[in-house]
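Hello,

Here is the structure you will be working with. Please open it first, then read the notes below.

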Amino acid sequence: MPPEWVILAFVFAFGACVGSFLNVVVYRLPRGESLSHPSSRCPKCEHALAWYDNVPVLGWLWLGGKCRYCKAAISSRYPIVEFLTGALFAFYYIAMFDLQWGPCPPPVRLLDIRSDWPIFALYMFLFATLLAASLIDYELFVIPLGMCWLLAAVGVGVHAIVDSPSMRGSLLIASPVVNAIAAGGTLGWLISVALIYSRLVRRSFPLGEPLLEVDRNSIVAEWTEARNRGENPPPLPPPYSVWQIYSEIAREMLFLLPALVLAAVFGLLVLRVDSVAAWWTALLATPFVKGALGAMLGALVGGLVVWVTRILGTIGFRKVAMGLGDVHLMFGVGAIIGAGQVTVAFFIAPFAGMAIALYLLATRQKREIPYGPYLSIGTAVAVLFYCPIAAWLRPGLTGLAQMLGNWAGS
Ligand SMILES: [Zn+2]
């Protein structure tokens, strides 16, 4: 192995290059432009940039923050995002491999870059995607759903291939019943998605998600401002009546129904019928099945936690809390970090929100911030501190699981 500082420098440089790509994603994806064509160019004079001007952070520094050709100022956001991504990668390298923080379960074996690089790479892919999604959400109040689907697909694929019982960050579930619940939930979710995409059932809020009434005014102001600058922001949704919101939320509860019912039915079948249990246990021994099911359970739990909060919040406060973009985001996050971690991440997010709200208050800035960045910060923190939190919660959760098992088995 090369010395530690060489690896760290490489991890930082690699992260900075990823950050450079994220800049392209954040700018082009919401505008519907191709990510690969054309090559990087000055946004003002559109002169193509040479490779040496494109070197992360350094390129901006030695040009003094100005375009080489037209001398127009280039936003400092570009080198900041590059530096931030590099620092993020280096920080998590130190956290995971030097300090041994996360992921769980902690076996006797320590995390080692030589054997645990897949989980490190998977988490860095997650953080890079979350950073881009947060920047887009912060700027435009929308999370590109394609990014969430990408997270979910990569999570299920990678966990199906690399997970093993001795791996830290593995999402394998020992209990055949819980695996059956994951399979039933997945099937029910696929049915709902197929109904939506075949247009047999329509989406909720077809005219766009309602804005929170508290931020409607400021969003309308920003939207008008963008219009006045000559930009072309996406149309704003109409204000909905309380009853329209209730009926659309009822539609969303119907979407969740097949997944919940099939999860319960599959779980009970494996729990109560011996022949089904024997067949299912044999099936679970097939390669890739358990890893994929563990990741799917994470995705379903991540999406469900946000969605239930959205539904309860809407019923309780008569306005929509949490966007469907947030539901999709935590679906994708859950597929990578698993059911336990994604739930903890969701409950950490409001504290990140409070910290940022206090900061905005202290610096007298007034701006509504969407929830995506908070969920991303919650995820980044949960990954570090999940092991002690899980150990602390375990006695209560074990008791709860036994109670549920006794009740379902009787
Ligand atoms: Zn220029």
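Two residues are in contact if their C-beta atoms, placed from the backbone, lie within 7 Å. By that rule, Ala-345 touches Val-333, Leu-375, Gly-378, Thr-379 and Ala-382, leaving out residues up to four places away in sequence.

This is a predicted model: local features need pLDDT of at least 70, side-chain atom pairs count only at pLDDT 80 or more, and totals for chains, interfaces and linings use all residues. Residues are numbered from 1 along each chain as its sequence is written.

On confidence: pLDDT is the predictor's own score for each residue, from 0 to 100. The protein averages 89, and 97% of the residues score at least 70. Helix α5 (residues 145-162) is highest, at 97, and helix α7 (residues 213-228) is lowest, at a mean of 76. Helices here are DSSP runs (H or I, at least four residues), numbered from the N terminus.

On domains: the assignment, automatic or from a database, gives domain 1 (1-91) and domain 2 (100-409). Their centres, taken over C-alpha atoms, are 30 Å apart. Nine residues from domain 1 and ten residues from domain 2 make the contact. On the domain 1 side, α1 (4-28) and α3 (77-98) each give two or more residues. The largest share, four residues, is from α1.

On the core: the largest nonpolar core has 85 residues. Such a core is a set of buried Ala, Val, Leu, Ile, Met, Phe, Trp, Tyr and Cys residues joined through C-beta atoms within 7 Å. Buried means that 20 or more other C-beta atoms lie within 10 Å of a residue's own. Met-296, Met-330, Val-333 and Ala-345 have the most contacts inside this core. Helix α10 (residues 289-317) gives its largest share, twelve residues. Both domain 1 and domain 2 give residues to this core, so it lies between them.

Best wishes

Key:
A residue is buried if 20 or more other C-beta atoms lie within 10 Å of its own, exposed if 12 or fewer, and partly exposed in between; C-beta atoms are placed from the backbone.
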